[in-house]
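Biologist: I'm new to reading models like this one. Could you pick a single part, take a close look at it with me, and then show me the chain around it?

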Amino acid sequence: MKPLRLLALLGSICFLLAGLAPPAAAFCGFYVSQADASLYNQASQVVIARDRDRTILTLANDYQGNAQDFALVVPVPVEITEEQVNVGDPKVLTRLDEFSAPRLVEYFDEDPCNPYIYNSAPGRGAADTSAPIPEAAERDREQSLGVTIEASFSVGEYDILILSAKESSGLETWLRENDYNIPRGASRVLQPYIRQEFKFFVAKVNLEEFDRSAFQSLRPLQIAYESPRFMLPIRLGMLNAKGDQDLIVYILTPSGRVEVSNYRTVPIASNVNVPEFVEEEFGAFYKAMFQKSYETEKKEVAFLEYAWDMSWCDPCAANPLTPEELRQAGVFWLGNNNGGDRRLPPTPGPQNVYITRLHVRYARNKFPEDLGFQTTGNRENYQGRYVIQRPYRGEMDCDAATDYREYVRDRQEQELDTVVKLTGWEKSDLRSKVDWLDEPQQKPDPEPWWRDIWNR
Amino acid sequence: MFKDARDAQIAFLGMFLVLGISTRDWTIQPGLMAAIAASCLLTQWLAQVVIPKLQGQVIKLWQLPPSWKSALITALGLCLLLRGNHYWSMALAGVVAIASKFLLRVGNKHFFNPANFGIIVALTLTPDAWVSPGQWGTQAWYLLLFLGAGGLVLKWVGRWETSAAFLCTYAGLEAVRYAWLGWTADVYLHKLMSGSLLLFALFMVTDPRSIPNARQARVVWAVLVAWLTFLLQEEFFLTTGMFWALFVLAPLTPVLDRIWSAPQFQFTASKESTPLTT
């Protein structure tokens, strides 16, 4: 039997592109680092592009095991046909992740003795195949179990079945008999979906296709459907979950922010000044901060990490997605102008796409209901942004310098307190990491200033 | 403690607002709340002071409108529930909420809940207004606080059966649905333990001035609102189902008042003639 990863939607191959994004500069500080999805071991990533009742759902896949063992079962609210399924490009997930990840920015203090100096750095800004494989001989068995194969087709490296069922026990039995090793108790969770006339989108890897393709990992699956239900089923995925699960949902709409309708949506702490050492451990800092916030909020809220009009960013953790990349992410309302009018430059202008990045860490006891969403007209931008204010460390020779040092040391103390408060880390452990701006260089043996430069 | 029930209601709604803003990360800004309050109170003043004066009544132009407390309650209700990005969206909600009391009347009684009317108009006519059903979360102590405060006000104005009929019907319908679907009890409880639902049931569905006068009529009416709320939420997946249900069924009030007649509710205690205040 194949171990099944129910709703194991997953993360992009972040390592492929990590580090390639050039540092960008903007008015809101110089971008230095980000806390992207690769921080979390088992973070599912989902893209939902939605306009009115139309939805394109992208299930990213960071499945780490053997491709032959992979299987996915997702309840979908309507029947899905072959042409509503696509295999997407994993790079799009990486791009969305980088664009929207919590970011670390830095500012530089001016020389208090020459306050007119100001440093300004230059800104830098699927092929589908089909091979229906009906299994005529098994039809009787399906009927006796009340399971109907509504559609069966292959797309890219995936073999896909769309199932409908009359009874949850029949569906559970059918899945077991067909080598899907679903956890005990699955039928109890399957039943509500069956009663609500959901279909089941079941995907396995077609090994021949997978071996033939040049891809080393499974690509994201995309499903287009039309339904007034705006939700994400998370209950099935909890069946074989160990501990808390992380889910990052990127929701793209033409109107504005999306919020969770049946849980609180809480913006993650942002725009706080943190010590300089956070640059080296920004990932660890963000992870600890997220965990602390999660616990403070009693583990029962969804966190907002980013909400922004996708035609710009400030500061940019990565360049805004091009219209073509947005289309690959499922945005279907931009119009089809690929390759059309060549006189128009491919500039990312206003695109009428608004992104909401929600980060949900959930467990069965605190998230009993599937996630419901609602689109709002809220276009107020929001980002998880952490600021390093770099002290001026050059030579200072004026009266203002003493006051400045004192001011900076107070500031450094406050920054330290902020980190302790946000992460729960021990202050005593952090003290030595701070590069304190000390009293005047009363070095016992001052070296001539020219000695270092020729390195003799 | 309070001279009339409106004072208690203002105190409680004000407390919820302070609580929400300080502990629940709401996005509402002071400027937007000011826009709501100003538009509500000014419209009330226009309707109760300026227009009567223009019509020749002897009235001082700079006096408080007689029902300024009701306008403030409407403003607080809108601040608690309505969200938006622009001043004019919020002001529109405030103006139409109060104006509905004077323009949409049968006999001498308005039948739309003013705040609810303002919310529906803002949701429909502006691009940016929305309500956040999940904004209170499901923590028990908020629910207990709402129940306690709501219970006090309802006892005072004698409309507790309206809340009870609404909540029982809604909870009953959801119970049947969740049991039929096969969800466990905790899923059902999570659905019901919503701060927004309780606030709606205790403070909006029970507005004594706009709902039916007779007790039987109120029970029938509350059951209908609960049923429609359930239908809109579960069959049409409308997260704002309860506001739409109340809006759609509000015009039924004059009809029910005709079927079951009873004296109209007055806030001022001296003229009180409603059944449960004695």
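Modeller: Happy to! One term first: a contact means heavy atoms within 4.5 Å. The model is predicted, so local features need pLDDT of at least 70 and side-chain atom pairs count only at pLDDT 80 or more, while totals for chains, interfaces and linings use all residues. Residues are numbered from 1 along each chain as its sequence is written, chains are lettered from A and ligands numbered from 1 in the order in which they are written, and side-chain values use heavy atoms, leaving out hydrogens and water.

Let's go to helix 12 of chain B, residues 252-259. Helices here are DSSP runs of H or I with at least four residues, strands are runs of E with at least two, and both are numbered from the N terminus. In helix 12 of chain B, the buried residues are T253(B), P254(B), L256(B) and D257(B). Because these four span an arc of only 165° around the axis (taken from the directions from the helix axis to the C-beta atoms), they sit on the same side of helix 12 of chain B. Buried means under 20% relative accessible area, exposed means over 50%, and partly exposed is in between, with a 1.4 Å probe and protein chains only.

Turn to the other side of helix 12 of chain B and you find R258(B) and I259(B), which are exposed. What do the buried residues pack against? Their partners in chain B are strand 2 (105-106), strand 3 (109-110), helix 10 (215-234) and helix 11 (241-249).

Now step back to the chain around this helix. Chain B contains 12 helices and four strands, and 57% of its 278 residues count as buried. Take the contacts in chain B between residues at least 6 apart in sequence: 76% of them join residues at least 24 apart. The accessible surface of chain B is about 11800 Å², and carbon and sulfur atoms make up 70% of that surface; such areas come from the Shrake-Rupley method with a 1.4 Å probe, and for residues only the protein chains shown count as cover.

One more stop in chain B is helix 7 (residues 160-181), where you will find A175(B). With a relative accessibility of 28%, A175(B) counts as partly exposed. Now find Y188(B): A175(B) and Y188(B) are 13 residues apart in sequence, and 6.9 Å separates them in space, C-alpha to C-alpha.
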